[in-house]
Structures are given as structure tokens and as C-alpha cells.
Protein chains: 2
Amino acid sequence: MNRSKVTIKDVALEAGVSVATVSRLVNGTSIVSAATAAKIQETIQKLGYEPNLMARNLRKKETRVILIVCPNVTNPYYAHILAGITEASYQQGFSAVMYTTNCDPERELEGIQMLYKGRVDGAILMDGLRDHQVFYNAASRFPIVQCSEYVDTEIAPAVCIDNYQASRDMMAHLLGLGHTKIALISSNNDYVSTKIRTQAYKDSLLEAGLPVDPEYIKLGSSDYSFQSGRACALELLQSENPPSAIFCISDTFAFGSIIAAKELGITIPEELSISGFDDVEYTTMHHPFITTIAQPCYELGRTSAQMLFERLEKHSAETGLVYLDHQLVVRESTAKKKTYLTHQDTDLMVNNYSKEKK
Amino acid sequence: MNRSKVTIKDVALEAGVSVATVSRLVNGTSIVSAATAAKIQETIQKLGYEPNLMARNLRKKETRVILIVCPNVTNPYYAHILAGITEASYQQGFSAVMYTTNCDPERELEGIQMLYKGRVDGAILMDGLRDHQVFYNAASRFPIVQCSEYVDTEIAPAVCIDNYQASRDMMAHLLGLGHTKIALISSNNDYVSTKIRTQAYKDSLLEAGLPVDPEYIKLGSSDYSFQSGRACALELLQSENPPSAIFCISDTFAFGSIIAAKELGITIPEELSISGFDDVEYTTMHHPFITTIAQPCYELGRTSAQMLFERLEKHSAETGLVYLDHQLVVRESTAKKKTYLTHQDTDLMVNNYSKEKK
DNA sequence: CTGAAAGCGCTAACAT
DNA sequence: ATGTTAGCGCTTTCAG
């Protein structure tokens, strides 16, 4: 294994020109006479010369590499964003180094260090750093764009969907279907998206004159595990006063809920409506297909990358929130609230009715 | 945004020592007196010094970065391998740059170039390069390990499961259940794994004295799409002489087949057995849970990375195939061939019986 | 249009 | 134990 050897000097020597000329040709920095250009090209081919990027980077103080910090790759949501980022990077002639953090603050820090060590020119953060100071320090010195999650949008831009409006849309759909007993399966992580979706759920209920019942709010695992969604739904469905609809802040929770309902012999959507969030691929792999909010993951990734390149190359310094369009996708897991009523239902509707009229 | 500035020189000046001493302390290359060490540490803290990796890399001619070349990240199979690689890299103090190729030869080449350009020390290939010459050139000069797919295992090691044995195991399971009409849903890609699984299917049939019927072999899309699996199954199931079992070389094909069977009112596993391959997470998200071959994806990734580090740090040059254990996971999608028979079945069994006895 | 030469920030002899 | 110095391979003034 004889590692890369031929340098610009070798080419210059062989072609009978100076290294400067070779450099100029390779980089297109300034014009080179046709004759020498040809000779240099030829020797580059002959010798199999490839410029050493480390040397170039050191000299130019730029790497053309970006850093991607993300919680994990196995979550399809992140995987699709990643795909968008790598595609945009490829097109822009950048490479991407990946740091998966599992939301561990120590790893988040270690990832961010790449910026200080000069290994990358900028970063895309899909992980809302636990240690905010780390974020503030880094974002004030280096080009950073936040994707999906964010710490602060004033100091570095963030690209995501309008989680509040999306959640309101879904709740409007559920409410419009006549549901009044709508439960929420949220998460015990501290993502801004989680907080916003939860808030929108509450606001929607309140605006509709419905009570926010703490019994109707369950918290799944921080990584949105399918099993924790199932457990939450089981609790909800086996309670004294089960909901007729469940608003899940993640598709995986919706999945778990569907399984739970099946186990309990509850039919969907006839007896129970369930909605998801994100629209990852497996929402349409089995019936009932899940009603959900579609996020443009790939575009989220692409846009984040493009904004970072903008910052890098044009020294743009715009900050703030950039919303990409979401979409309410109505499929098979939600339907009109059943019209034949149990005694319990009747009682509650009377209660709610009076509230709505207040 | 004032990019990283403070250099080793600044630290040396401030601490009143030479750059060499600072370097020695930072790298632990040789011993430094407690007193000066303390003073240097202090100024490093004060100035917020971080060694510039580009300069270090240039000087040491090593980057401590590895390259990951993979077809795409959104496929959970690759995503899990990736997770294993990044974890091992983190532990070894390496970074990983990612190149997704979508199996495009041009991109495969561009990814490999990183080796020649000195941006990375070695590479893990999860994409069996279309242009074999590119592989041979690169593998003869740089440390490379192949994961899952491979071009040649003599020139660079490969880590994967024993696809032949795994497929034989699955076929033995199906055959043991009494199935004689076993179809195959393979893929039209040119992966070695595909070829090997297909061969094992044929060998198993032949050894059992069963014919290899070309009508029973369908080719799904190269990227194992769910929909193409469904289409293949539909063809198989609606034919004159439908199979009683389908051996799918991918879980997604098995998925599509289950959907197809449901659409046709065929019950699983009573009327039809279906087996998958890989054991990606969604094999147990819906009933029937899929009988499949579990691949240790995460371990595949970890092991590949470790082998690469071995090559990098200990200059080991072992090649050859490294098999990790697979597992036949019997779940709900396969069962004994039904015992009540149609006329057609009876006819065929007689035929097969005579063959088996030959 | 081309060449000479000065570094980019760091490590590793080679001295002391 | 510490300092001096020579590059790593490249880009980029500055001259010509």
C-alpha cells in the first residue's frame, strides 16, 4: 500500500513549469497559455496527480466540508433529512461529516468541536443542543443552521415546518369530525417541536370550548418508540372514560396506538380515530393507512444545506425561522365520531354542549 | 463571526515557552515539567486554543477520518450499519464522512477520490462499486473494508453474513413445513447477496428433489421497493398454479407480498407462507409478524469499522470474508402447508412424490 | 503569461 | 526538559 505520493511539485518538475503555474491551471485562478496547459494536463494524467486537500485547506483556511450533528440515523425522519443534506452538499461540491449524538451532551460538544478545530466550515444541527451555552458560543463564531429543532433562531437560522399551525390543522380535522374526547400522546423529551405541538393541542381544545383533561395527556418515550406509544394508548383506552380520538405527535406513537386498539378489539376508525405526525414511509404500509401531517423531510435537509452554503459563500448572515410547507394528509385512521352513543357519551356531550355555548 | 484564530504560536508566546513544548504537552509526545505544563494548560484555557487539524493532518499525513460509501441512508438496513460504524468511530476517536451514491458509478468514483485527495485515511464500502477497476485501484493503495456487499475479498476484506447458509436455513424451514411449491422474489440488482440467495434457493429445491420452475422466480426492483414486491406476489398468486410459500430476499418484498395476499383474500400463514430477509424493525409492527433472517446490522457496521482501524493503526493486511452470525427467526408468516387439498394440489404432490423418490 | 518565494499551523528531528 | 528549525503540499502575492 503506497499511499498517495505525487505532489504538485512532481507535476511541475515533469512538465517543466513552476508549481505556481500548475496550481493556476488546476484551480483556474488565472489564465495559462494553451501550450503549457496541454503539457500540464498531460503530466497530471500520466502521474495520476490529485491535489492534497489538507494542504489546500490549510493554505486557504477553508475545508469545503460541513458537519452534520444529529441524534441518530436509524430514525427514518432524520435519515430523510440527511438524504436531502447529502444531496445538496454533493451538488455544491461539499463533503459532509456526520456526528450522531444520541442526544448525549458530551457528544454534542465533541461534534461541535470540529468547528473550532477547523475540520469543517460550518454545521447543520438537527439536535437542539442540551447545553445552550455550547450553542451560543459556536453560533456566534461559526456559520450554523438549525434544522427541525432549535435553541435560538436569532443567532442562527432554523428551518422547519410550522409545528403550531400543523398541529392546529390536525386538531381542526379531528374536531371537525365531531370528536370532543381527544387525547394526546406527546413525549417526555424537551424538543421545541414537542412543546409547540402540545400547546397547539391545548389551545385548540380551549378554543373549541373543550376542557384540557390531564388524564387525556400521556407522555411516550423521548425517542418516540413504538412500544411506548402502545403503552400510552393502552392506558387511555382502558380508562374509565376513553377518548374517541388520539392525536399522536409522532407516527410511531400512532402505530403503537393502532396495535393497542387492535389488541383491545377496538376498530379504527369506526370506534377510534388516530392521527400521526411526520408521515414517515410506513404510514401506508398497512391498513389502516395513517392520517398524519406530512413533513417535507428531504426538502428540510436540502434547504438547510443551501442556507448554510449561502452563509459560507456569500457571507449572508440572515437569521430567523424559515417555515417549509406541511400538509395534512387524511387517510384511513380518522373518521367521523360514531353516532350511536353510550350512556357515558351522552352524559359528556351534554356537559360539553353547555360549555360550547358559554 | 471571527473564525478560529489562536494558534500554537500564540500559546507559546503567551506562556513564554516554545511551540515545540506546547505541541509536546498537547500531544503527550514527551514529558514536560509540571510547572511549565501547568502554565501552558492555563494559557490554553485562557486563550481557548484548539489545535488546527488541517495543519496537523498535513504534517502527520493522517486525518483520523474515514469514508463511508453507501447507496442511501433512508434504507433502514444501511442506516443501522451506519449507526454501528459511527459508534465504533466515535470510540476510536475518528470522524466519518459520508458519501451516498444511489449506486451511481460517477458518485461512487467521486466518493473514492477522497482517498486520493488525502481527505480520509481509509474507507468502508457498503456499495459494491459498479466499476470494478475503480475498486481494484483504490483497494491496492488504500485501506478499505467492504461491508455487506463486495467486489473482491482477496484484495480487501469483507464483513457480512453467510448469505448462502442463511438462505439454505430459510429454505429448510419452508421445506420442513411441507411446502413444495415455493416461489422466489429476488431482485434485478446485481448484488452478490442477491446472486447467492438466489443460488441457495435453487440448490435447496434441487436437493429436495423439487424442480426449479422459472415461473416461480420473480424479480423485484433493484432497491427492494415494497410496491414491486407486491406486484411480484400478485403475479405469483394469480397464476394458474400459485405457490404455497414465497421466499423473499428482502423484508420489504415480504411486506408487499403480505399486502398482495390480503388484497386477494388469501390468509397468512394458513393458505400461504411468506418469509423475509434482513429483519428490519417493521417486521414486527403488524401482524402477521414476519418470519425472516435476522442480520446483525449494527454489528456488521461496528466490525467493519474495527477492522478498518486495525488496518489503519496496526497496518494489518488480512483479507478474506468475515462472516457474522445470522439467525432464522420464525414468527407468524410461515406455517405448515395446509393439509386439506385441492385437486390441483393432489395432482402436483403425486408428481413431486415420484420425483423425490427418483 | 510565468516564476520565485513566503507562509498556512503543526510535528519531529536535532540540538542543547 | 526545552528550544530551533525544517518542512508537510499547497496558494498567492510580488516581480518580471
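Predicted model: local features only at pLDDT ≥ 70, side-chain atom pairs only at ≥ 80, totals over all residues.
B:Tyr216 lies 57 residues from B:Val159 in sequence. In space, the two C-alpha atoms are 31 Å apart.

Helix packing was examined in both chains. Two packed helices are described by the angle between their axes and the distance between the axes. In chain B, helix α8 (residues 163–176) packs with helix α9 (residues 192–207) at an angle of about 40°. The axes of these helices are 8 Å apart. The angle makes α8(B) oblique to α9(B). The crossing of the pair is right-handed. On the α8(B) side, the contact is made by B:Asn163, B:Tyr164, B:Ser167, B:Arg168, B:Met171 and B:Leu175. On the α9(B) side, the residues include B:Ser193, B:Ile196, B:Arg197, B:Gln199 and B:Ala200. B:Tyr201, B:Asp203, B:Ser204, B:Leu205 and B:Glu207 of α9(B) also take part. By class, this contact has seven nonpolar, five polar and four charged residues.

In chain A, helix α5 (residues 76–92) packs with helix α12 (residues 297–314). The angle is about 40°, and the axes are 7 Å apart. α5(A) and α12(A) are therefore oblique to each other. Their crossing is right-handed. Among the α5(A) residues in the contact are A:Tyr77, A:His80, A:Ile81, A:Ala83, A:Gly84 and A:Ile85. A:Glu87, A:Ala88, A:Ser89, A:Gln91 and A:Gln92 of α5(A) are also involved. α12(A) contributes A:Cys297, A:Tyr298, A:Leu300, A:Gly301, A:Arg302, A:Ala305, A:Phe309 and A:Glu313. By class, the contact of α5(A) with α12(A) has 10 nonpolar, six polar and three charged residues.

The domain assignment divides chain A into three parts. Domain 1 covers 3–51, and domain 3 covers 163–296. Domain 2 is given as two segments, 63–160 and 298–324. The centres of domain 1 and domain 2 of chain A, taken over C-alpha atoms, are separated by 36 Å.

Backbone geometry was then considered. In chain A, the peptide bond from A:Ile268 to A:Pro269 is cis, with omega near 10°. A:Pro269 sits in the loop between α11 (251–263) and β9 (273–275) of chain A. In chain B, a cis peptide bond joins B:His287 and B:Pro288, and omega is about -5°. B:Pro288 is placed in the loop between β9 (273–275) and β10 (292–294) of chain B.

Positive phi values occur at two chain A positions that are not glycine. A:Arg64 has phi of about 55°. Its place is in the loop between α4 (53–60) and β1 (65–70) of chain A. A:Arg64 has 28% relative accessibility and so counts as partly exposed. Phi of A:Asp279 is near 60°. A:Asp279 belongs to the loop between β9 and β10 (292–294) of chain A. At 25% relative accessibility, A:Asp279 counts as partly exposed.

Conventions: Residues numbered from 1 in each chain as written. Chains lettered and ligands numbered in written order. Heavy atoms only, no water. Axes fitted to C-alpha atoms, helices over the stretch in contact; angles between N-to-C directions. Helix = DSSP H or I, 4+ residues; strand = E, 2+ residues; numbered from the N terminus. Parallel < 35°, antiparallel > 145°, perpendicular 65-115°, else oblique. Left-handed = near helix turned anticlockwise from the far one by under 90°. Contact = heavy atoms within 4.5 Å. Nonpolar A, V, L, I, M, F, W, Y, C, P; charged D, E, K, R; others polar. Domains from an automatic or database assignment. Buried < 20%, exposed > 50% of the residue type's maximum accessible area, 1.4 Å probe, protein only.
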